[in-house]
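Subject: Structure for your review

Dear colleague,

Please find the structure below, followed by an account of what was found in it.

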Amino acid sequence: MTESEMRRRIDTAFEFLGRVADHPDRFPDQAVLFLMDPSEIASALTKERLRILRELEARAYPSLTALAQSLGRDVSRLRKDVMALERLGLVAFSRSGNRLLARPTATGIYIPLFTGKGRGTRRIATRPARTRAAHRDGSSTP
Amino acid sequence: MLMYVDIICPFGHEMSKRKAYKIFLSLEDRIDADLEFDKDPGRRPRLARFAITYSARIEGRWREVVRYDNFHGYLHRQKFWRTREPVPLSALERLPTPDLLDACRQDLARHWPRYRSLMESMLKEE
(Lines give C-alpha, C1' and ligand atoms only; values in the text may rest on other atoms or scores of the structure.)
Protein backbone atom coordinates (compact mmCIF):
# COMPACT_ATOMS: atom_id res chain seq x y z
CA MET A 1 0.00 0.00 0.00
CA THR A 2 1.30 3.45 -0.86
CA GLU A 3 1.79 6.18 1.72
CA SER A 4 -0.86 8.33 0.05
CA GLU A 5 -3.36 5.48 0.20
CA MET A 6 -2.58 5.04 3.90
CA ARG A 7 -3.08 8.77 4.45
CA ARG A 8 -6.43 8.54 2.65
CA ARG A 9 -7.47 5.72 4.98
CA ILE A 10 -6.40 7.71 8.04
CA ASP A 11 -8.51 10.61 6.76
CA THR A 12 -11.43 8.24 6.24
CA ALA A 13 -11.07 6.84 9.76
CA PHE A 14 -11.18 10.33 11.25
CA GLU A 15 -14.07 11.26 8.98
CA PHE A 16 -15.94 8.30 10.44
CA LEU A 17 -15.11 9.49 13.98
CA GLY A 18 -16.35 12.96 13.02
CA ARG A 19 -19.65 11.44 11.93
CA VAL A 20 -19.90 9.61 15.23
CA ALA A 21 -19.15 12.85 17.09
CA ASP A 22 -21.89 14.65 15.14
CA HIS A 23 -24.54 11.92 15.52
CA PRO A 24 -23.47 9.48 18.25
CA ASP A 25 -26.98 8.03 18.52
CA ARG A 26 -26.71 6.66 14.97
CA PHE A 27 -23.66 4.49 15.62
CA PRO A 28 -23.10 1.37 17.72
CA ASP A 29 -21.19 1.66 20.99
CA GLN A 30 -18.47 -0.77 19.94
CA ALA A 31 -17.47 -1.94 16.50
CA VAL A 32 -14.66 -3.30 14.37
CA LEU A 33 -14.24 -1.48 11.07
CA PHE A 34 -12.29 -2.43 7.99
CA LEU A 35 -11.08 0.48 5.87
CA MET A 36 -9.65 -1.68 3.16
CA ASP A 37 -10.16 -2.32 -0.52
CA PRO A 38 -12.95 -4.74 -1.43
CA SER A 39 -10.27 -7.22 -2.55
CA GLU A 40 -8.44 -6.97 0.80
CA ILE A 41 -11.69 -7.47 2.69
CA ALA A 42 -12.52 -10.45 0.49
CA SER A 43 -9.12 -12.01 1.17
CA ALA A 44 -9.42 -11.38 4.91
CA LEU A 45 -13.00 -12.60 5.23
CA THR A 46 -13.20 -15.63 2.96
CA LYS A 47 -16.24 -17.86 2.61
CA GLU A 48 -14.62 -20.44 4.91
CA ARG A 49 -13.80 -17.83 7.56
CA LEU A 50 -17.37 -16.58 7.49
CA ARG A 51 -18.53 -20.20 7.94
CA ILE A 52 -16.25 -20.49 10.97
CA LEU A 53 -17.70 -17.31 12.49
CA ARG A 54 -21.24 -18.52 11.93
CA GLU A 55 -20.47 -21.91 13.43
CA LEU A 56 -18.77 -20.39 16.49
CA GLU A 57 -21.74 -18.09 16.97
CA ALA A 58 -24.15 -21.05 16.84
CA ARG A 59 -22.29 -23.44 19.17
CA ALA A 60 -19.51 -23.53 21.72
CA TYR A 61 -16.86 -25.99 20.55
CA PRO A 62 -14.58 -27.71 23.08
CA SER A 63 -11.59 -27.52 20.72
CA LEU A 64 -10.50 -26.47 17.26
CA THR A 65 -10.42 -30.16 16.31
CA ALA A 66 -14.13 -30.48 17.11
CA LEU A 67 -14.84 -27.35 15.08
CA ALA A 68 -12.82 -28.69 12.15
CA GLN A 69 -14.71 -32.01 12.28
CA SER A 70 -18.04 -30.23 12.33
CA LEU A 71 -17.07 -28.17 9.28
CA GLY A 72 -15.45 -31.12 7.51
CA ARG A 73 -12.10 -29.35 7.31
CA ASP A 74 -8.46 -30.12 7.89
CA VAL A 75 -7.48 -28.97 11.41
CA SER A 76 -4.25 -27.19 10.43
CA ARG A 77 -5.96 -25.22 7.67
CA LEU A 78 -8.81 -24.33 9.99
CA ARG A 79 -6.33 -23.23 12.66
CA LYS A 80 -4.73 -20.80 10.17
CA ASP A 81 -8.15 -19.33 9.40
CA VAL A 82 -9.06 -18.98 13.06
CA MET A 83 -5.71 -17.29 13.76
CA ALA A 84 -6.40 -14.85 10.93
CA LEU A 85 -9.80 -14.08 12.44
CA GLU A 86 -8.15 -13.51 15.82
CA ARG A 87 -5.72 -11.01 14.25
CA LEU A 88 -8.76 -9.11 12.97
CA GLY A 89 -10.32 -9.02 16.42
CA LEU A 90 -13.26 -11.16 15.31
CA VAL A 91 -12.36 -14.20 17.43
CA ALA A 92 -10.95 -14.40 20.96
CA PHE A 93 -9.10 -17.37 22.43
CA SER A 94 -9.13 -18.93 25.86
CA ARG A 95 -7.40 -22.07 27.11
CA SER A 96 -8.87 -25.11 28.76
CA GLY A 97 -5.97 -27.36 29.69
CA ASN A 98 -4.18 -28.07 26.43
CA ARG A 99 -7.16 -27.08 24.37
CA LEU A 100 -7.55 -23.77 22.61
CA LEU A 101 -11.13 -22.52 22.71
CA ALA A 102 -12.28 -19.93 20.20
CA ARG A 103 -15.29 -17.71 20.62
CA PRO A 104 -16.62 -15.02 18.32
CA THR A 105 -16.44 -11.39 19.43
CA ALA A 106 -18.92 -10.21 16.80
CA THR A 107 -22.64 -10.71 16.51
CA GLY A 108 -22.94 -9.63 12.91
CA ILE A 109 -21.33 -7.90 9.97
CA TYR A 110 -22.57 -4.58 8.65
CA ILE A 111 -21.61 -2.80 5.45
CA PRO A 112 -22.81 0.81 5.57
CA LEU A 113 -23.03 2.96 2.47
CA PHE A 114 -19.99 5.03 3.35
CA THR A 115 -17.01 5.21 1.05
CA GLY A 116 -14.85 7.81 2.76
CA LYS A 117 -15.00 10.16 -0.21
CA GLY A 118 -16.44 13.00 1.82
CA ARG A 119 -19.92 13.96 2.80
CA GLY A 120 -22.73 14.60 0.39
CA THR A 121 -21.38 12.29 -2.29
CA ARG A 122 -24.83 10.90 -2.99
CA ARG A 123 -25.79 11.84 -6.54
CA ILE A 124 -29.13 13.20 -7.55
CA ALA A 125 -31.04 10.84 -9.77
CA THR A 126 -30.64 11.64 -13.46
CA ARG A 127 -34.28 11.00 -14.25
CA PRO A 128 -35.98 14.23 -15.31
CA ALA A 129 -37.70 16.03 -12.48
CA ARG A 130 -41.48 16.03 -12.43
CA THR A 131 -43.66 18.61 -10.78
CA ARG A 132 -46.14 17.49 -8.16
CA ALA A 133 -49.00 18.49 -10.43
CA ALA A 134 -47.52 16.52 -13.31
CA HIS A 135 -47.02 13.56 -11.01
CA ARG A 136 -50.65 13.76 -9.91
CA ASP A 137 -52.12 13.86 -13.38
CA GLY A 138 -49.66 11.40 -14.84
CA SER A 139 -48.21 13.74 -17.47
CA SER A 140 -44.45 13.95 -17.97
CA THR A 141 -42.30 17.06 -17.90
CA PRO A 142 -40.36 17.96 -21.04
CA MET B 1 -15.17 0.66 1.19
CA LEU B 2 -15.89 0.80 4.88
CA MET B 3 -17.16 -2.29 6.55
CA TYR B 4 -17.84 -2.52 10.21
CA VAL B 5 -18.77 -5.23 12.62
CA ASP B 6 -21.09 -4.53 15.50
CA ILE B 7 -19.65 -6.41 18.45
CA ILE B 8 -21.66 -5.27 21.43
CA CYS B 9 -24.78 -3.23 20.86
CA PRO B 10 -27.02 -3.47 17.83
CA PHE B 11 -28.41 -0.33 16.27
CA GLY B 12 -31.53 1.18 17.75
CA HIS B 13 -30.56 1.04 21.43
CA GLU B 14 -30.14 4.02 23.73
CA MET B 15 -26.57 5.19 23.31
CA SER B 16 -24.18 5.00 26.24
CA LYS B 17 -21.59 7.62 27.14
CA ARG B 18 -18.67 5.61 25.77
CA LYS B 19 -17.96 4.34 22.28
CA ALA B 20 -14.99 2.23 21.21
CA TYR B 21 -13.92 1.38 17.68
CA LYS B 22 -11.14 -0.74 16.23
CA ILE B 23 -10.46 0.57 12.74
CA PHE B 24 -8.28 -1.60 10.51
CA LEU B 25 -6.46 0.58 7.97
CA SER B 26 -4.77 -2.55 6.65
CA LEU B 27 -3.99 -5.97 8.05
CA GLU B 28 -0.87 -4.40 9.62
CA ASP B 29 -2.13 -0.99 10.75
CA ARG B 30 -4.98 -0.13 13.07
CA ILE B 31 -6.52 2.84 14.86
CA ASP B 32 -8.29 2.26 18.18
CA ALA B 33 -10.65 5.05 19.14
CA ASP B 34 -12.28 5.54 22.54
CA LEU B 35 -14.81 8.34 22.67
CA GLU B 36 -16.69 9.70 25.66
CA PHE B 37 -19.72 11.96 25.37
CA ASP B 38 -21.24 14.40 27.81
CA LYS B 39 -24.98 13.83 27.98
CA ASP B 40 -26.85 16.81 29.39
CA PRO B 41 -30.63 16.53 29.64
CA GLY B 42 -32.36 18.30 26.75
CA ARG B 43 -29.15 18.76 24.77
CA ARG B 44 -27.44 16.76 22.07
CA PRO B 45 -24.62 14.53 23.33
CA ARG B 46 -21.28 16.28 22.93
CA LEU B 47 -17.91 14.62 22.35
CA ALA B 48 -15.92 15.55 25.44
CA ARG B 49 -12.98 13.16 25.68
CA PHE B 50 -11.14 10.84 23.33
CA ALA B 51 -8.16 8.54 23.06
CA ILE B 52 -6.89 7.67 19.60
CA THR B 53 -4.18 5.01 19.36
CA TYR B 54 -2.31 4.00 16.22
CA SER B 55 -1.04 0.41 16.46
CA ALA B 56 1.07 -1.54 13.99
CA ARG B 57 1.52 -5.26 13.63
CA ILE B 58 5.29 -5.76 13.91
CA GLU B 59 7.03 -9.12 14.23
CA GLY B 60 3.67 -10.87 14.54
CA ARG B 61 2.30 -8.75 17.37
CA TRP B 62 0.18 -5.63 17.62
CA ARG B 63 2.24 -2.79 19.12
CA GLU B 64 0.92 0.58 20.23
CA VAL B 65 2.92 3.21 18.34
CA VAL B 66 1.40 6.59 19.21
CA ARG B 67 -1.60 7.78 21.21
CA TYR B 68 -3.43 11.10 21.37
CA ASP B 69 -5.48 11.40 24.52
CA ASN B 70 -7.40 14.05 26.46
CA PHE B 71 -9.07 11.72 28.97
CA HIS B 72 -7.02 13.12 31.84
CA GLY B 73 -8.12 16.70 31.36
CA TYR B 74 -5.39 17.83 28.97
CA LEU B 75 -4.38 16.80 25.47
CA HIS B 76 -1.22 14.76 25.33
CA ARG B 77 0.65 12.44 22.99
CA GLN B 78 2.47 9.26 23.88
CA LYS B 79 5.22 8.08 21.56
CA PHE B 80 5.59 4.49 22.62
CA TRP B 81 8.96 3.87 20.98
CA ARG B 82 10.41 6.39 23.46
CA THR B 83 8.44 6.06 26.67
CA ARG B 84 4.90 5.61 27.92
CA GLU B 85 5.12 9.04 29.57
CA PRO B 86 2.53 11.46 28.16
CA VAL B 87 3.83 14.65 26.58
CA PRO B 88 1.31 17.54 26.85
CA LEU B 89 0.34 19.28 23.61
CA SER B 90 -0.18 22.61 25.31
CA ALA B 91 -0.36 24.67 22.12
CA LEU B 92 -3.59 22.89 21.15
CA GLU B 93 -5.13 22.99 24.61
CA ARG B 94 -7.77 25.64 23.95
CA LEU B 95 -9.10 24.20 20.70
CA PRO B 96 -12.61 22.73 20.67
CA THR B 97 -12.73 18.94 20.63
CA PRO B 98 -13.48 18.52 16.88
CA ASP B 99 -10.45 20.71 16.08
CA LEU B 100 -8.31 18.67 18.46
CA LEU B 101 -9.36 15.53 16.59
CA ASP B 102 -8.40 17.18 13.32
CA ALA B 103 -4.99 18.16 14.70
CA CYS B 104 -4.44 14.51 15.66
CA ARG B 105 -5.51 13.39 12.18
CA GLN B 106 -3.02 15.77 10.58
CA ASP B 107 -0.17 14.65 12.81
CA LEU B 108 -0.83 10.97 12.23
CA ALA B 109 -1.42 11.29 8.48
CA ARG B 110 1.83 13.24 8.10
CA HIS B 111 4.09 11.22 10.36
CA TRP B 112 2.83 7.63 10.56
CA PRO B 113 5.62 6.13 8.38
CA ARG B 114 8.28 7.68 10.62
CA TYR B 115 6.45 6.69 13.80
CA ARG B 116 6.11 3.12 12.60
CA SER B 117 9.72 2.97 11.47
CA LEU B 118 10.94 4.31 14.84
CA MET B 119 8.92 1.65 16.66
CA GLU B 120 10.42 -1.04 14.38
CA SER B 121 13.93 0.25 15.11
CA MET B 122 13.30 0.29 18.85
CA LEU B 123 12.10 -3.32 18.76
CA LYS B 124 15.17 -4.39 16.78
CA GLU B 125 17.44 -2.81 19.37
CA GLU B 126 15.71 -4.63 22.25
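B:Glu59 is exposed, with 8 other C-beta atoms within 10 Å (exposed means 12 or fewer such atoms, buried 20 or more, and partly exposed in between, with C-beta atoms placed from the backbone). B:Glu59 sits in the loop between β4 (46-58) and β5 (61-69) of chain B, and its phi is positive, about 50 degrees, although it is not a glycine. Most residues other than glycine have a negative phi.

This is a predicted model, in which local features need pLDDT of at least 70 and side-chain atom pairs count only at pLDDT 80 or more, while totals for chains, interfaces and linings use all residues. Residues are numbered from 1 along each chain as its sequence is written, with chains lettered from A and ligands numbered from 1 in the order in which they are written.

The largest nonpolar core has 50 residues (a core being a set of buried Ala, Val, Leu, Ile, Met, Phe, Trp, Tyr and Cys residues joined through C-beta atoms within 7 Å). Those touching the most other members are A:Ala13, A:Leu17, A:Leu33, A:Leu35, B:Ile23, B:Phe24 and B:Ala33. The largest share of this core, seven residues, comes from α1(A); helices here are DSSP runs of H or I of at least four residues, and strands runs of E of at least two, numbered from the N terminus.

Leaving aside residues up to four places away in sequence, B:Ile23 touches A:Ala13, A:Leu33, A:Leu35, B:Arg30, B:Ile31 and B:Ala33 (contact requires C-beta atoms, placed from the backbone, within 7 Å).

Yours sincerely

Notes
Two residues are in contact if their C-beta atoms, placed from the backbone, lie within 7 Å.
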